[in-house]
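Colleague: I would like to go through this model with you, starting with the charged side chains. Could you bring it up, please?
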Amino acid sequence: MHPRAAEFEERAAERHGVDVDVLEFDAGTETAAAAADAVGCETGAIASTIVFSLVGGDRDGVLVAAVTSGANRLDLDAVAEFFDADAAEMGDPERIREVVGWSIGGVPPIGHDAALPTVFDPTLAEYDTVYGAAGTPSAVFAIGPDALADLADATVVDLTE
C-alpha cells in the first residue's frame with residue numbers, strides 16, 4: 001500500500017474511530033469518472049473533496065472544503081454566498097498541502113491536519129455507498145454517505161450548478 005494511503009487508513013482509525021478499506025488502482029482515480037471506472041460504480045457515487053479559498057468578508061483567505069458528488073459541478077458563487085464571502089476560488093495547491101495535509105487529487109474528506117468548514121452534497125445520499133479519496137490520486141475508500149457527512153462534520157447543502 002502507498003505510504004500516504006496507509007497514513008490515511010491510520011488517521012481514519014485514530015481520529016474518527018472507523019476502519020476503512022483502502023482500494024488502490026494502477027490507473028489512478030484523479031477524476032470522478034476515472035474513479036468510477038476503477039471502482040465499478042456510477043460517477044455520482046464518487047465523493048470528491050475540493051478545497052476552496054474564500055475571498056473578502058470576515059473569512060478572507062479561509063480554506064473550506066466541499067464534498068460533492070462526482071456527477072455534479074459546484075457553483076462557486078453559491079459556495080461564497082453560503083460562507084458569507086465575496087467570492088470562492090480554487091485553493092492554492094501548496095497551501096492546501098500545508099494546511100490540510102494532503103495534496104490535491106488525493107484530498108480525502110476526513111483526516112485533515114486542520115479542521116475546515118465543510119459542506120456536503122445531498123446528492124451523495126442517493127447512494128448506499130460512496131467512494132472518497134484516500135490520500136493519493138490512485139486510492140479510494142468506501143463508506144456510507146450519512147456516516148461520511150457525520151465524520152466530516154459537514155453541513156448538508158446543495159451548492160451545485
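Modeller: Arg4, Glu7, Arg11 and Asp113 are linked in a network of salt bridges. Please bear in mind that this is a predicted model.

Colleague: How many salt bridges does the structure hold?
Modeller: The structure holds four.

Colleague: Let us take Glu7, then. Where is its place?
Modeller: Glu7 is in helix 1, which covers residues 3-16.

Colleague: Which distance separates the N and O atoms in the salt bridge of Arg4 and Glu7?
Modeller: Their side chains meet with N and O 2.6 Å apart. Both residues lie in helix 1, with a spacing of three residues, about one turn of the helix.

Colleague: And what about Arg11 and Glu7?
Modeller: Arg11 also forms a salt bridge with Glu7, and the closest N and O atoms are 2.9 Å apart. About one helical turn separates the two, because they are four residues apart in helix 1.

Colleague: Is Arg11 buried or exposed?
Modeller: Arg11 counts as buried, because its relative accessibility is 11% and the cut-off for buried is under 20%. Arg4 is buried too, at a relative accessible area of 17%. Glu7, by contrast, counts as partly exposed, at 25%.

Colleague: Which residue forms a salt bridge with Arg73?
Modeller: That is Glu161, and the closest N and O atoms of the pair are 3.4 Å apart. Glu161 lies in the segment after strand 8 (155-156) and Arg73 in the loop between strand 3 and helix 3, so the pair ties together parts that are 88 residues apart in sequence.

Colleague: Are Glu161 and Arg73 buried or exposed?
Modeller: Glu161 counts as exposed at 65% relative accessibility, and Arg73 counts as exposed at 60%.

Colleague: Staying with charge, which residues gather in the patch of negative charge on the surface?
Modeller: Asp58, Asp60, Asp84, Asp86 and Glu89 form that patch.

Colleague: Where does Asp84 lie?
Modeller: Asp84 is in the loop that runs between helix 3 (76-82) and strand 4 (87-90). Its relative accessible area is 63%, so Asp84 is exposed.

Colleague: Now to the strands. How many residues of strand 3 are buried?
Modeller: Seven of its seven residues, 63-69, are buried, and strand 3 is thus mostly covered.

Colleague: In which sense do strand 2 and strand 3 pair?
Modeller: Strand 2, residues 46-55, pairs with strand 3 in the antiparallel sense, over seven bridges. Within that pairing, Thr49 has Val67 of strand 3 as its bridge partner.

Colleague: And strand 3 with strand 5, in which sense do they pair?
Modeller: Strand 3 and strand 5 (residues 118-120) pair in the parallel sense, and three bridges join them. Here Val67 stands opposite Phe120 in strand 5.

Colleague: Let us return to strand 2. Is Val51 buried or exposed?
Modeller: Val51, which is found in strand 2, is buried, because its relative accessible area is 4%.

Definitions and conventions. Residues are numbered from 1 along each chain as its sequence is written. This is a predicted model: local features need pLDDT of at least 70, side-chain atom pairs count only at pLDDT 80 or more; totals for chains, interfaces and linings use all residues. Side-chain values use heavy atoms; hydrogens and water are left out. Patches are made of residues with over 30% relative accessible area and no salt bridge: like charges are joined within 9 Å, nonpolar side chains (Val, Leu, Ile, Met, Phe, Trp, Tyr) within 5 Å. Accessible areas come from the Shrake-Rupley method with a 1.4 Å probe; for residues, only the protein chains shown count as cover. Lys and Arg count as positive and Asp and Glu as negative; His and the chain ends are not counted. The place of a charge is taken as NZ of Lys, CZ of Arg, CG of Asp or CD of Glu. Buried means under 20% relative accessible area, exposed over 50%, partly exposed in between (1.4 Å probe, protein chains only). Two strands pair if DSSP finds at least two bridges between them.
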